[in-house]
Amino acid sequence: MFQTTKPRSRLGSALYICELIYHNSVRAVRKTHGNTFMALFMNMLQTIIFVLAFYFMFQVLGMRSTAIRGDFMIYIMTGVFLYMTHSKTLGAVVASEGPASPMMQHAPMNTAIAIASAMLSTLYIQILSLVFILFVYDVAFNPFVMQEIHDPIGCIAMILLSWFSGAAIGMVFLAAKPWFPTPVQILSTVYQRANMIASGKMFVANTLPSYMLVMFDWNPLFHTIDQSRGYAFVDYNPRNSNWEYALYVSLVLLMIGLMGEFYTRRHASASWSARR
């Protein structure tokens, strides 16, 4: 009320927005637990359990022979990490604060900051989980694991592309969520569960026949996982996927989501959820 605001330069405004995104990202990471280290560990635990579960499942079912020649743990991680990054980012964006959220009553806050914070906090957790698992695996089991990865930069690029595609699809769901909250929640859950199979993380894309390939090649995550294995293994050359498809589809979906979110924000009302 008695606070005077001074006009900021473009650089000052950009730094101010980055500061808001940083603080909101920290809030998103720490909201699961009061202790910082426990909050980080609890966020990382699901990814760690997922990797171990798939490792033992492949061992018990005898599916190691279907994997690519090379380090088996890298084969698991190129599928699980990209799937988890994609799904977690999508879920975080859909669950981020909308235009009618009480958080939007604070003057500096807006939906763009909430969405960016949800995206960055998820990426931070997934990268931290990746570094932790690779470090433990390198120290305890295979001291030459980093040398076995053919192109680490390409693998990281595919992780970022999976993160970006999850955020783009989440933006479409987020724009439709205030209008159809229950169907959007069901569809986003179904999409994340369907990606357990449709992402192609449990098999090699080059071994699929053409009639099965059409069931998976619509999915951007299928392309990023297959491409990441091409970067990770020197003996694997992905023929049935390309990262350009995932990038273009993600850009189109992001533009649709941004336009939908802009329209929704202009028509949002706190009374929309009064009957729910």
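**From one residue to the whole chain**

Analyst: We can begin with Thr-85, which is in contact with Thr-122, Gln-126, Ile-159 and Trp-163, leaving aside its neighbours within four places in sequence. Please note that this is a predicted model.

User: Where is Thr-85 placed?

Analyst: Thr-85 belongs to helix H3, which covers residues 72–94.

User: And is Thr-85 buried or exposed?

Analyst: Thr-85 has a relative accessible area of 1%. Buried means under 20%, so Thr-85 counts as buried.

User: Stepping back, how many helices and strands does the protein have?

Analyst: The secondary structure consists of 10 helices and 0 strands. Along the sequence, the pattern reads α-α-α-α-α-α-α-α-α-α.

User: What share of the residues is buried?

Analyst: Of the 276 residues in the protein, 43% are buried.

User: What about the accessible surface, how much is there?

Analyst: The protein exposes about 15400 Å², and 68% of that comes from carbon and sulfur atoms.

User: Which residues form a nonpolar patch on the surface?

Analyst: The patch is formed by Val-172, Val-252, Met-255, Ile-256, Leu-258 and Met-259. Together they have about 530 Å² of accessible area.

User: Which helix gives the most to it?

Analyst: Helix H10, residues 243–267, gives the most, with 5 residues. Val-252, for instance, lies in helix H10.

User: New topic: how many aromatic pairs are there?

Analyst: The structure holds 3 aromatic pairs. One of them joins Trp-179 and Tyr-263; this pair is stacked, with 5.9 Å from centre to centre and 25 degrees between the planes.

User: Which parts of the protein does that pair tie together?

Analyst: Trp-179 lies in the loop between helix H6 (152–176) and helix H7 (181–198), while Tyr-263 lies in helix H10, so the pair links parts that are 84 residues apart in sequence.

User: How accessible are Trp-179 and Tyr-263?

Analyst: Trp-179 is partly exposed at 36% relative accessibility. Tyr-263 is also partly exposed, with a relative accessible area of 46%.

User: Which charged residue sits over the ring of Tyr-75?

Analyst: That residue is Arg-229, whose charged end is 4.1 Å from the centre of the Tyr-75 ring.

User: Finally, what share of the contacts joins residues at least 24 apart?

Analyst: Counting contacts between residues at least 6 apart in sequence, 72% join residues at least 24 apart.

Key:
Residues numbered from 1 in each chain as written. Predicted model: local features only at pLDDT ≥ 70, side-chain atom pairs only at ≥ 80, totals over all residues. Heavy atoms only, no water. Patch = residues over 30% accessible without salt bridge, like charges linked within 9 Å, V, L, I, M, F, W, Y side chains within 5 Å. Areas by Shrake-Rupley, 256 points an atom, 1.4 Å probe, with all protein chains shown as cover. Salt bridge = Lys/Arg side-chain N within 4 Å of Asp/Glu carboxyl O. Helix = DSSP H or I, 4+ residues; strand = E, 2+ residues; numbered from the N terminus. Buried < 20%, exposed > 50% of the residue type's maximum accessible area, 1.4 Å probe, protein only. Contact = heavy atoms within 4.5 Å. Phe/Tyr/Trp six-rings, centres within 6.5 Å; stacked < 30°, edge-to-face > 60°. Lys NZ or Arg CZ within 6 Å of the ring centre and 35° of its normal.
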